[in-house]
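Here's a quick tour of a protein fold, put together for someone new to reading structures. Have a look at the picture, then work through the points below.

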Amino acid sequence: MLICKVVGHVWATKKEEGLEGLKLMVVQEIDGNGRKKGSTFVAADVVGAGIGEQVLTVSGSTARKAFGKDTVPVDAAIVAIIDTVEVNREAARGSE
């Protein structure tokens with residue numbers, strides 16, 4: 001799992017049939033203190049996250065399983081909205 005911040009939406013009027021009805025979000029990998037850490041990528045949203053929120057993402061076959069079927073053509077999924085992250089016993093709130 002990766003900690004990420006939602007930084008945008010993806011709109012696609014024409015897409016593969018298996019993506020119909022999925023909410024696609026742009027996420028930026030961050031560290032436990034909320035600082036940019038890794039790449040920016042697109043993740044399908046399972047939990048209704050919004051821009052600015054910190055989330056947990058999964059990738060590969062785990063992302064497809066988040067939708068309950070292996071036929072969904074996604075490689076990353078948002079599976080949780082973070083309320084709080086504690087690193088070295090210091091709490092950092094999600095969405096800040």
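Ala-76, for instance, lies in strand β5. Keep in mind that this is a predicted model.

- The protein chain has a mean pLDDT of 91, and 92% of its residues reach 70 or more.
- Which elements sit at the two ends of the confidence scale? Strand β5 (residues 76-81) has the highest mean pLDDT, at 98, while strand β7 (residues 90-93) has the lowest, at 60.

- Start with strand β1 (residues 2-10), which is joined to β2 by 6 bridges, the two running antiparallel. Along this pairing, His-9 stands opposite Met-25 in β2.
- Next, β2 and β3 run antiparallel and are joined by 7 bridges. Val-26 has Val-42 in β3 as its bridge partner.
- The hairpin of β2 and β3 has 5 residues between the strands, and there Gly-34 takes a positive phi near 90 degrees.
- How do β3 and β5 run, parallel or antiparallel? They run parallel, with 2 bridges joining them. Asp-45 finds its bridge partner, Ile-78, in β5.
- β5 then pairs with β4 in the antiparallel sense, over 5 bridges. Here Ser-59 and Ala-76 are bridge partners.
- The bridge partner of Ile-3 in β4 is Leu-56.

- Is Ala-76 buried or exposed? It's buried, because its relative accessible area is 9%, and buried means under 20%.
- Leaving out residues up to four places away in sequence, Ala-76 touches Phe-41, Val-42, Ala-43, Ala-44, Val-58, Ser-59 and Ala-63.
- Ala-76 and His-9 are 67 residues apart along the chain, and their C-alpha atoms are separated by 14 Å.

- Gln-28 has its place in strand β2 (residues 23-30).
- With 11% relative accessibility, Gln-28 counts as buried too.
- What does the side chain of Gln-28 reach at 2.6 Å? One answer is the backbone oxygen of Gly-38. Its side chain is also joined to that of Thr-40 by a polar contact of 2.6 Å.
- Not counting residues up to four places away in sequence, Gln-28 touches a list of residues that includes Ile-3, Cys-4, Lys-5 and Val-7, along with Lys-36 and Ser-39.

**Opposite charges that pair up**

- Side chains of opposite charge can pair when their charged atoms come close.
- How many salt bridges turn up in a search of the whole structure? The search finds 3.
- One is between Lys-23 and Asp-45, whose closest N and O atoms are 3.4 Å apart. This pair links distant parts of the chain, with Lys-23 in strand β2 and Asp-45 in strand β3 (residues 36-45), 22 residues apart.
- Lys-23 is partly exposed, with a relative accessible area of 33%, whereas Asp-45 is buried, at 9%.
- Another salt bridge joins Lys-37 to Glu-29, with 3.8 Å between the closest N and O atoms. Lys-37 is exposed, with a relative accessible area of 58%, but Glu-29 is buried, at 13%.
- Asp-31 and Arg-35 also meet through their side chains in a salt bridge, at 3.4 Å from N to O.

Key. Residues are numbered from 1 along each chain as its sequence is written. This is a predicted model: local features need pLDDT of at least 70, side-chain atom pairs count only at pLDDT 80 or more; totals for chains, interfaces and linings use all residues. Side-chain values use heavy atoms; hydrogens and water are left out. pLDDT is the predictor's confidence in each residue, from 0 to 100. Helices (H or I, at least four residues) and strands (E, at least two) are DSSP runs, numbered from the N terminus. Buried means under 20% relative accessible area, exposed over 50%, partly exposed in between (1.4 Å probe, protein chains only). A polar contact is a pair of N or O atoms within 3.5 Å; within protein, one must be able to donate a hydrogen and the other to accept it, and residues adjacent in sequence count only if both atoms are side-chain atoms. Contact means heavy atoms within 4.5 Å. Two strands pair if DSSP finds at least two bridges between them. A salt bridge is a side-chain nitrogen of Lys or Arg within 4 Å of a carboxyl oxygen of Asp or Glu.
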